[in-house]
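Me: I want to check the labels on this model one at a time. Please give the value, the cut-off and the conclusion.

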Amino acid sequence: MKHFLCASICAAFTFGSSLSVAQDQIIDSHAHLLPPGMERALNPNVDASVIELRRQMKEAGVTKAGIFAMVQKADPNAMRSYNDFILKTAAESDDFFAVPSVHPLDGEIAVEEVKRVAAMGAKALKLHPFYQGFKIDDPRVNAVVKAAGEAGIPVIFDSISASDGGATGKFVDLAIANPEAKIVLAHMAGYRFSEMILFAVFAKGPFYNNNVYFDLSATAQMYANSPRTDELLWTIREIGIDQFLFASDFPVFDLKPARDAIESYDFTPDELQKLMHDNAVNVFGL
Ligand SMILES: [Zn+2]
């Protein structure tokens, strides 16, 4: 109890300036926007629209958000127009940064799109093995990660791979095969977050470039005030706080509860500053 009290009360006084920086500038690294007319496709109860995202950002004190596309296979025109919508929305405001998407199984079309969106200001690329329907170890996924690495943009994978028990090892293989590419595992593998300790072990060796990062969307909320709260915090610290990002996964999760969940953990003010802001600036080059 003493420790808990000190974490909240001492932090407010002793580290007031550090906390206020974190609270003034908060970056949500994971928010989906859907094209006009399709806003309810991800959550039937919440519009994945600019208006609703802005409303939630204000409510949660979030000052910048990565806005995601997610595209289907074999429809290059739809892919480009969705990505253009994301790029245009981000270009019009400092409140957003663009995270377009490709479908890895589109092969050369996907690789060309990576180069196109990177040249147009994309800050990352979003891929979703389950939603988009591809295997993580498909060589065409490696080709997209390689292209993104060469173009200087991180690749954000959804990492809750419920139907792929070997997903963690496949992400390790991708990271080692592409040491210059940055890979972000959204949701920190969800209920398998403890497997991510593997990256702390690999980071001790010479062949892994510590190029995997994690966003805490969904997972931090799922395990807040749970029997695994301390284990999650311990795992994050073993891997290193510099690898972690605050994120909501809007519109599936709301921004304010996502922030409240993070703040319910026993992070220090310095850790919060990195988690809520500085790491996103470094990873995405904001
Ligand atoms: Zn998502």
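Me: Why is Gln243 called buried?

Reply: This is a predicted model, and the label rests on a count. Gln243 has 22 other C-beta atoms within 10 Å. The cut-off for buried is 20 or more. The count of 22 meets that cut-off, so Gln243 is buried.

Me: Where is Gln243, and what does it touch?

Reply: Gln243 sits in the loop between α11 (229–239) and β8 (244–245). Leaving out residues up to four places away in sequence, Gln243 touches Val212, Tyr213 and Phe214. Its C-alpha atom is separated by 17 Å from that of Gly152, 91 residues apart along the chain.

Me: What makes Pro257 partly exposed?

Reply: Again a count. Pro257 has 14 C-beta neighbours inside 10 Å. Exposed needs 12 or fewer, and buried needs 20 or more. The value 14 falls in between, so Pro257 is partly exposed. Pro257 lies in helix α12 (residues 255–264).

Me: How do you know that the buried residues of α8 are on the same side?

Reply: The buried residues of α8 (residues 167–177) are Ala167, Thr168, Phe171, Leu174 and Ala175. They cover an arc of only 120° around the axis, which puts them on the same side of α8.

Me: What do the buried residues of α8 pack against?

Reply: They pack against α7 (139–151), β5 (155–158), β6 (183–186), α9 (197–202) and β7 (212–215). Phe171, one of these buried residues, is in contact with Leu185. Beyond its neighbours within four places in sequence, Leu185 also contacts Phe157, Ser159, Val212 and Phe214.

Me: Why are β1 and β3 called edge strands?

Reply: The open sheet has three strands in the order β1-β2-β3, with parallel pairing. β1 (27–32) and β3 (96–99) each have a single partner strand, so one side of each is left without a neighbour in the sheet.

Me: What makes β1 and β2 a pair?

Reply: Pairing needs at least two bridges. Four bridges join β1 to β2 (residues 64–68), so the two strands pair. Ala31 stands opposite Ile67 in β2. α13 packs on the sheet, touching β1, β2 and β3.

Key: Residues numbered from 1 in each chain as written. Predicted model: local features only at pLDDT ≥ 70, side-chain atom pairs only at ≥ 80, totals over all residues. Arc of directions from axis to C-beta. Contact = placed C-beta atoms within 7 Å. Axes fitted to C-alpha atoms, helices over the stretch in contact; angles between N-to-C directions.
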